[in-house]
Amino acid sequence: MSSVSEDPDTGIPPAEVPDLPPPHAHGFWSRWVFSQDAKYIALQYSGTAIAIGLVALVLSWLIRMQLGFPGVFDFISAEAYYQFITMHGMIMVVYLLTAIFLGGFGNYLIPLMVGARDMVFPFVNMLSFWVYFLAVVVLAASFFAPGGPTGAGWTLYPPQAILSGTPGGTQWGIVLMLVSLILFIIGFTMGGLNYAVTVLQARTRGMTLMRMPLTIWGIFTATVMALLAFPALFVASVMMLFDRLLGTSFFMPALVEMGEQLSYGGGSPIVFQHLFWFFGHPEVYIVALPAFGIVSDLIAVHARKNIFGYRMMVWAIVIIGALSFIVWAHHMYVSGMHPYFGFFFATTTLIIAVPTALKVYNWILTLWRGDIHLTLPMLFALGFIVTFLNGGLTGLFLGNVVVDVPLSDTMFVVAHFHMVMGVAPIMVIFGAIYHWFPLISGRMLSHRMGLIHFWVTFIGAYAIFFPMHYVGLVGVPRRYPDISASFVPDSVATLNAFITVAALTVGAAQMLFLFNVAWSLARGRKAGHNPWRAASLEWQTPEVPPRHGNWGEELPLVYRWAYDYSVPGAPRDFIAQDDPGHRASWSHVP
Amino acid sequence: MIVAASLVLIVLFSVAFHLVSPWWWTPIASNWGYIDTTLVITFWITGAVFTAVVLFMAWCVFRYRHKPGRVAHYEPESKRLEIWLTALTALGVAAMLAPGLVVWNRFITVPDDATEIEVVAQQWFWSYRLPGADGQLGSSDVTWISADNPLGLNPHDRLGADDVVIDGGDLHLPIGKPVKVLLRSVDVLHDFYVPEFRAKMDMVPGMVTYFWFTPTRTGEFEVLCAELCGTGHGYMRGYVLIDEEAEYEAWLGEQLTFAGLPAGEGVQVANTAEPIGGSDP
Ligand code: HEM
Ligand SMILES: [Cu+2]
Ligand SMILES: [Cu+2]
């Protein structure tokens, strides 16, 4: 046992365990391929996620080309259209957003921000990435399998998902999709346990829970939620795989397909929906909470002001995380489940709006009376607030059971969830990349290219998805390759063509972003040690970019929260977390 | 400057788009005007919040943008402000939820005088069944389905004998009479969706779901499928025609009953004078 006792002046407790060095790489393979360094694994995760995300982006162009100019591109048959939307949706939600927030940002930032040398289980962490990689390979393989990928919609509802009327239903598509999801969940579980244990056990001395940056609170809560939610998808996937391959009937009632009696019987399609959304709704917040956390930190740093109401922000994250497990059936108001469920789930859903709204207020109150630097991370943060607010408000339509009845399964829903969980988190991802690129690479991303990228992406995405709500109000259903119907005026076709042009423009802007990354890696301006003058720990490493093991001889000691910006009387407009100097004036400062 | 101005422009664009764009819902043809009203209330509340929040943000960005010498105000939290904001938000949410739940209660409470009709979905077309003179639908099951009996009616249930079977044609309904639409699927999920009626509900193989409405306007309304059901999902269309009573009766008189179909020949026509128990499928 260490004989050091708590420092009476700073309240820093003694070390409980010796500071062990993380495993060192000895050769090419263990350094560049099977690396156990969380920072390198983070880049592997992010690179893979962005690569498969680009596939999803290209698919969105194809989807939009069909909707904007129906009949012009005859290689987009109805089958192909359904395959495109399915793969687009699944890749975006699971393989891009979940992977990049938890596997990417989680791996990079957790050890650095809590003052650890690495994740607590580096080997399992490495394994987690490679299982994820395998999941992506299996998913991508379905594009080349006989019959092509599944076209069951990203929700994979049975019975159609495993019947012959759906692309890939009785061929390879759905099997590969389910296998890939199962692999993804195995890989995630290994990583997720690691992230959670690291946050709980490997924080450096002085880093109390209530001193952690909100980024870590967001990623941590999302990880715990994912560990609880993904098992539901896991069992649903295994059961559906059995239905498909072994002829069981977990989700399959007796049915007649194209005039022929099938041998299924006794199962319930609605049970699958409950399992899917018991995962699927928390999944929305698994993507949103890390974004909430990260954007809070971006706003605080770039407005030179502590995040307003830090304690409230932490509790809001935790409460939202907990509540999001009892709202899942708001995706099923018109599914045929018992109608009384509607009362319960509408109420819980609208309650969740309150802590969510508070977060929005607090972001804006952080800007209020701040010293706002309109850097690229700040611009993307502002873009996030606008799109998230917009998408959150339309959620009040869809959550309010009876209002959802006419809107469900229309393009209104597509517009809503793209605003709230497509565009908004992606704004945060970009903001975060512009913010932390100097830490990762030692160089700044080009500001000029970044400005073009921001404006085209933000205005363009708004131009895509804001009008799309009105296409849904007219009554156009989602998942329709051809929206013409007697009640749809011709002007909707013009609007659709406009949306498509906007989508292709936004897509092109992402190519500029990739170019910016490549160019700046080689030629970008040198960033120096702490270019944004941030107070949180990840910028206080002895070397930037941080080396293997993150810290020098000694782990840092933490004396304050991550938000001591513009403290009256302090010599600079920020005080780093490991700076023992100036005491804060606010008595509640954790 | 540009940033703040753009935020203001986004608000102006959104509000203007909402007010003047030609894209709005179809003229309603059912009693579910309540739903439209709740939707409009929601639009007003959320629109006001969006406008207020984004404009305030624009003002902050304009007023507190960085200038040499500017120092941010130091105030970690404000209990009073946070409590006020929580309370106001909760109030706004309640103002939307309360009417929503009241209308939902109506939506799921079927009036006693509603006529039960049935819509049957399969890949990728609609069929319908109306009760005959006995006012009741006979039982059904997928195991009865055959080429002669496409909807799987029970050939031993005499309540089904006089049921009107419309296999692949259009549905007609009389104006002003509440109908309870029983929804059944023989293969995968579908969803019976007529935008002008506002109501919709999934059809799930293995169970019977429902919704109810009263047609309030005569005309021809397109039926779409609103739950992904395979390759033909986008083309699974049909029509519902809302008729005046006389026209409706005339149309009804021309339809085939189950007893007239080959599979139903053996069934006895129900005696309407002495109904025998429930026939809820
Ligand atoms: C510029 C970017 C994007 C465009 C233009 C776009 C466009 C579309 C369109 C037009 C559809 C469906 C149309 C239909 O239902 O017929 C769709 C579906 C979908 N998108 Fe995106 N999208 C984009 C980015 C994203 C992102 C970032 C996400 C991440 C959440 C996402 C998630 C989904 C999901 C989950 C679906 C539903 C798929 C289904 O119905 O099974 N999309 N997208
Ligand atoms: Cu949800
Ligand atoms: Cu369908």
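This is a predicted model: local features need pLDDT of at least 70, side-chain atom pairs count only at pLDDT 80 or more; totals for chains, interfaces and linings use all residues.

Visitor: Okay, metal first. Which residues hold the copper ion (ligand 2)?

Guide: Three histidines of chain A coordinate the copper ion (ligand 2). His281(A) gives ND1, while His330(A) and His331(A) each give NE2. The distances run from 1.6 to 2.0 Å.

Visitor: How are the donor residues of the copper ion spaced in sequence?

Guide: The pattern is H-x48-H-H. The pair His281(A) and His330(A) links distant parts of the chain, 49 residues apart. His281(A) belongs to helix 7 (residues 269-302) of chain A. His330(A) is in the loop between helix 8 (310-323) and helix 9 (341-367) of chain A.

Visitor: Is His281(A) buried or exposed?

Guide: Buried, because its relative accessible area is 5% and the cut-off is under 20%. His330(A) is buried too, at 13%.

Visitor: What does UniProt list for chain A?

Guide: An unreviewed entry gives "domain: Cytochrome oxidase subunit I profile" for residues 32-559 of chain A. In the model that span is 66% helix and 1% strand. Its end C-alpha atoms are 36 Å apart.

Visitor: Switching to chain B. How is it divided?

Guide: Into two domains. Domain 1 of chain B covers 2-65 + 79-108, and domain 2 covers 115-264. Their C-alpha centres lie 38 Å apart. Twelve residues from domain 1 and 15 residues from domain 2 make the contact.

Visitor: Where does UniProt put the "transmembrane region" feature in chain B?

Guide: The record, again an unreviewed entry, places it at residues 40-62 and 83-104 of chain B. Residues 40-62 are 100% helix, with the end C-alpha atoms 32 Å apart. Residues 83-104 are also 100% helix, and there the end C-alpha atoms lie 31 Å apart.

Visitor: And the sheet in chain B? What's the strand order?

Guide: Five strands in the order 3-2-1-5-8. The sheet is open and the pairing is mixed. Strand 3 (164-167) and strand 8 (209-213) stand at the edges. Each has a single partner strand, so one side of each is left without a neighbour in the sheet. The twist averages 20° from one strand to the next.

Visitor: Which residues stand opposite each other? Start at the strand 8 end of chain B.

Guide: Leu183(B) stands opposite Thr209(B) in strand 8 of chain B. Strand 5 (residues 179-185) and strand 8 of chain B pair in the antiparallel sense, over five bridges.

Visitor: What about strand 1 and strand 2 of chain B?

Guide: They form a hairpin with two residues between them. The pairing is antiparallel over five bridges. Gln122(B) sits opposite Phe125(B) in strand 2 of chain B.

Visitor: And how many bridges join strand 2 to strand 3 of chain B?

Guide: Four, also antiparallel. Arg129(B) stands opposite Val165(B) in strand 3 of chain B. Strand 2 of chain B is mostly covered, with five of its six residues buried.

Visitor: Now the backbone. Which peptide bond in chain B is cis?

Guide: The one from Gln123(B) to Trp124(B), with omega near -10°. Trp124(B) lies in the loop between strand 1 (115-122) and strand 2 (125-130) of chain B. Chain A has a cis bond from Pro158(A) to Pro159(A), with omega near 5°. Pro159(A) is in the loop between helix 4 (122-141) and helix 5 (173-201) of chain A.

Terms used. Residues are numbered from 1 along each chain as its sequence is written. Chains are lettered from A and ligands numbered from 1 in the order in which they are written. Side-chain values use heavy atoms; hydrogens and water are left out. Two strands pair if DSSP finds at least two bridges between them. Axes are lines fitted to C-alpha atoms, for helices over the stretch in contact, and angles run from 0 to 180 degrees between N-to-C directions. UniProt positions are given in the numbering used here, feature names are shortened, and annotations may be inferred rather than shown by experiment. Donors are N, O and S atoms within 2.8 Å of the metal (3.2 Å for Na, K and Ca); water is not among the atoms, so sites may look incomplete. Buried means under 20% relative accessible area, exposed over 50%, partly exposed in between (1.4 Å probe, protein chains only). Domain bounds come from an automatic or database domain assignment. Contact means heavy atoms within 4.5 Å.
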